[in-house]
Amino acid sequence: MGDLTRGKSFVYLALLTAVLFAQLTWAQTKAPEGASVYIISPANGAMVSNPVTVSFGLKGMGVAPAGIDKANTGHHHLLIDVAELPALDMPVPADAQHIHFGGGQTETTIELAPGEHTLQLLLGDMTHIPHSPPILSEKITITVK
């Protein structure tokens, strides 16, 4: 094979790779206008004891488990002591600070170390990707005795 043919093959392979990679990028689900998520309890500024029960509220949408493709639905992610939001065009990370409720849960009971903590909800679509625009609650602060 000549140098020119090898060069063309390399360019075609590079273009094919770029096209395939572009198709693998994550797509965001459009959020319905007026949708909002909020923490029902505990209240902002509350002094609480372990275990801490956190109740989730959602307005203008429904809750569906992860993996279920149903219009105008999503599932909750609880962000604990998160200083910087995760990338809003990628699946929400799953770790001790980003708790997934992919079963469609609307309440949880957690153990937190004594002291001040922040809590925030972020709704994700069937693939854990935040909607566009993101449906994000206000961040609340609680103190655990």
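**A histidine pair and its surroundings**

Tutor: The side chains of histidine 75 and histidine 128 are joined by a polar contact of 2.9 Å. A polar contact is a pair of N or O atoms within 3.5 Å; within protein, one must be able to donate a hydrogen and the other to accept it, and residues adjacent in sequence count only if both atoms are side-chain atoms. This is a predicted model, in which local features need pLDDT of at least 70 and side-chain atom pairs count only at pLDDT 80 or more, while totals for chains, interfaces and linings use all residues. Residues are numbered from 1 along each chain as its sequence is written, and side-chain values use heavy atoms, with hydrogens and water left out.

Student: What backbone oxygen does the side chain of histidine 75 reach?

Tutor: That of aspartate 125, at 3.2 Å.

Student: Is histidine 75 buried or exposed?

Tutor: Histidine 75 counts as buried because its relative accessibility is 0%. Buried means under 20% relative accessible area, exposed over 50%, and partly exposed in between (1.4 Å probe, protein chains only).

Student: Where is histidine 75 placed, and which residues does histidine 75 touch?

Tutor: Histidine 75 is in strand β5, residues 73-80. Helices (H or I, at least four residues) and strands (E, at least two) are DSSP runs, numbered from the N terminus. Not counting residues up to four places away in sequence, histidine 75 touches several residues, including Ala64, Phe101, Leu122 and His128. Contact here means heavy atoms within 4.5 Å.

Student: Now the core. Which residues of the largest nonpolar core touch the most other members?

Tutor: Val52, Val54, Leu78 and Leu119 do, within a core of 23 residues. β1 (36-41), β3 (52-59), β5, β8 and β9 (140-144) each supply at least two of its residues, and the largest share, four residues, comes from β3. A nonpolar core is a set of buried Ala, Val, Leu, Ile, Met, Phe, Trp, Tyr and Cys residues joined through side-chain atoms within 4.5 Å.

Student: How many bridges join β8 to β9?

Tutor: Five, and the two strands run antiparallel. Threonine 118 stands opposite threonine 141 in β9. Strand β2 (residues 47-48) also pairs with β9, in the parallel sense over two bridges. Two strands pair if DSSP finds at least two bridges between them.

Student: Back to β8 for a moment. Is glutamate 116 buried or exposed?

Tutor: Glutamate 116 is exposed, because its relative accessible area is 60%. It lies in strand β8, residues 115-124. Leaving aside neighbours within four places in sequence, glutamate 116 is in contact with Asp81, Thr141, Ile142 and Thr143.

Student: Finally, what is the mean pLDDT of the protein chain?

Tutor: The mean is 89, and 82% of the residues reach 70 or more. Over residues 15-24 the pLDDT is below 50, and this stretch has zero contacts in the model beyond near neighbours in sequence. pLDDT is the predictor's confidence in each residue, from 0 to 100.
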